[in-house]
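Student: Please take a close look at the aromatic rings in this model. Where do they pair, and what surrounds the pairs?

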Amino acid sequence: MSETWTIRKVLTWTAQHFEKRQVDSPRLTAEVLLAHLLKTGRVRLYVDLDRPLSKEELAAYRALIERRMAGEPTQYLTGAKEFYNRPFKVDARVLIPRPETELLVEAALRALPKDAPSHALDVCAGSGCIAISLAAERPQASVLATDLSPGACALARENAETLGVSSRVTLLQGDLFAPVPADARFALVVSNPPYIASGEIPGLSAEVRREPSLALDGGLDGLDLIRRVIQGARRYLEPGGLLAMEIGETQGAAVKELLQAAGYSDARVEKDLERRDRLAFGTQPVATEPRG
């Protein structure tokens, strides 16, 4: 191209192109991808709006645009997602952390003392965003985290190391509670399990369908993993300990019934910022029957 393509012109063209193709947040996406390519911040783009891009930069940016148009999530293209004010590495091995999961972290933190040792268990850990955030916010807490995916465990370990909590976050690969020592007990069991019904997955956006099906598919009614977490956590919670889970927006009543049927006290469901059922909680009774 003989025409000069400045940052201003490239961003304008890309945002319009994304808008026509109904890409979410077209201007923001254009800025995030270009800032990532140029290894700078979005604010700096506006300082340098008249800076021309080289042919190599244009070619690389065009490649990112094409991948985004093909349905690859922006976070996979940049390799990063901020969660609870910390940067997490993400890629196709893990679910991209969502803002609503920060509500789960906030609720879980209330179950862990700020100035005393405590133990928490995170099942279906994915990128490690929940376990790592808990450890970072509670300097005396130790967190055990499990995930069925070896790739997710490897990435979560990398995030724990990068964010300085690897000495207090242990990642174990395995199915839910299977890797957890039989004699372990926790003040908190937290989980963001797969909760989308299998039949709904083909109707999800192209971007979501790029995320691991293992982290999305909750079985026929979306409750398969939730049932198993509810049952399994009873074995490992201390008396008075809290089970905290993220759930689907239509699952509140069913999950509350499952919690009550499993013997939890104070079973309840809380809504997210859009007033949709999103979090479910149950407390381990203080007087419990013997657990095998």
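**Aromatic contacts**

Tutor: Tyr 236 is buried, at 6% relative accessible area; buried means under 20% relative accessible area, exposed over 50% and partly exposed in between, with a 1.4 Å probe and protein chains only. The model is predicted, so local features need pLDDT of at least 70 and side-chain atom pairs count only at pLDDT 80 or more, while totals for chains, interfaces and linings use all residues. Residues are numbered from 1 along each chain as its sequence is written, and side-chain values use heavy atoms, with hydrogens and water left out.

The structure holds three aromatic pairs. Rings of Phe, Tyr and Trp (its six-membered ring) pair if their centres lie within 6.5 Å; planes under 30 degrees apart count as stacked, over 60 as edge-to-face and the rest as tilted. Phe 83 and Phe 88 form an edge-to-face pair, 6.1 Å centre to centre with 85° between the planes. Both Phe 83 and Phe 88 are buried. Ring pairs also bring in Tyr 84, linking Phe 83, Tyr 84 and Phe 88 into a cluster.

Tyr 236 pairs with Phe 177 in a stacked arrangement, 5.6 Å centre to centre and 5° between the planes. Phe 177 is likewise buried, with a relative accessible area of 9%.

Charges also sit over rings, meaning that NZ of Lys or CZ of Arg is within 6 Å of the ring centre and within 35 degrees of the ring normal. The charged end of Arg 234 is over the ring of Tyr 264, 5.6 Å from its centre. Lys 9 lies over the face of Trp 5, 4.9 Å from the ring centre.
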